[in-house]
Amino acid sequence: VSRAMQVKPNVVHLDARKEVVHSTVSNAKVRCFFGLSGYTSIQDGLDKTATWVKNIGRHYLPVEFSHVEIIQNMPPSWVRADLGQAKAIVHDASDNPRAGEYESKNFPNGIPEP
């Protein structure tokens with residue numbers, strides 16, 4: 001990632017999260033139903049992602065919710081002092097007052113592909 005972004009690596013090791021440690025995936029169903037073919041190497045994918053982040057994605061701010069359903073066992077880096085806990089929440093764009101702000105202002109015809 002640092003090579004694609006052309007930055008010096010600055011690795012910060014955080015405590016392990018309490019979630020799935022190992023998983024495997026397959027894109028076979030997507031390829032079957034949507035007729036996708038071809039291959040993108042991990043380096044090409046990272047390069048394309050880095051280009052998108054530098055040109056468009058850097059303008060996005062993180063999504064922040066005022067409440068979540070369960071705070072217990074959340075990674076400490078996700079918990080804020082003002083984060084509340086609620087019994088049940090239906091999230092929508094109104095939970096993030098900045099949602100769509102940059103896109104609608106700068107890309108009235110939709111976000112361009114990388």
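This passage describes a predicted model of a protein, from its overall make-up to individual residues. Residues are numbered from 1 along each chain as its sequence is written, and side-chain values use heavy atoms, with hydrogens and water left out. Because the model is predicted, local features need pLDDT of at least 70 and side-chain atom pairs count only at pLDDT 80 or more, while totals for chains, interfaces and linings use all residues.

The predictor's confidence in each residue is given as pLDDT, on a scale from 0 to 100. The protein has a mean pLDDT of 83, with 88% of its residues at 70 or more. Among its elements, the highest mean value, 93, belongs to helix α1 (residues 2-5), and the lowest, 72, to helix α4 (residues 101-106). Where pLDDT is low, predicted coordinates should not be read in detail.

The protein contains 4 helices and 2 strands, taken from DSSP runs (H or I of at least four residues for helices, E of at least two for strands) and numbered from the N terminus. Along the sequence, these elements follow the pattern α-α-α-β-β-α. Of the contacts (heavy atoms within 4.5 Å) between residues at least 6 apart in sequence, 47% join residues at least 24 apart.

The accessible surface, computed by the Shrake-Rupley method with a 1.4 Å probe and with only the protein chains shown counting as cover for residues, comes to about 10100 Å². Carbon and sulfur atoms account for 57% of this surface. Residues are classed by relative accessible area as buried (under 20%), exposed (over 50%) or partly exposed (in between), with a 1.4 Å probe and protein chains only. Buried residues form 11% of the 114 residues.

A nonpolar patch on the surface consists of Val-30, Phe-33, Phe-34 and Leu-36, which together have about 480 Å² of accessible area. Such a patch joins nonpolar side chains (Val, Leu, Ile, Met, Phe, Trp, Tyr) within 5 Å, from residues with over 30% relative accessible area and no salt bridge. Val-30 lies in helix α2 (residues 28-34) and is partly exposed because its relative accessibility is 39%.

The count of salt bridges (a side-chain nitrogen of Lys or Arg within 4 Å of a carboxyl oxygen of Asp or Glu) is 1. Asp-82 and Arg-80 are joined by a salt bridge with an N to O distance of 2.9 Å. Asp-82 is exposed, at 55% relative accessibility, whereas Arg-80 is partly exposed, at 27%.

Notes: Patch = residues over 30% accessible without salt bridge, like charges linked within 9 Å, V, L, I, M, F, W, Y side chains within 5 Å.
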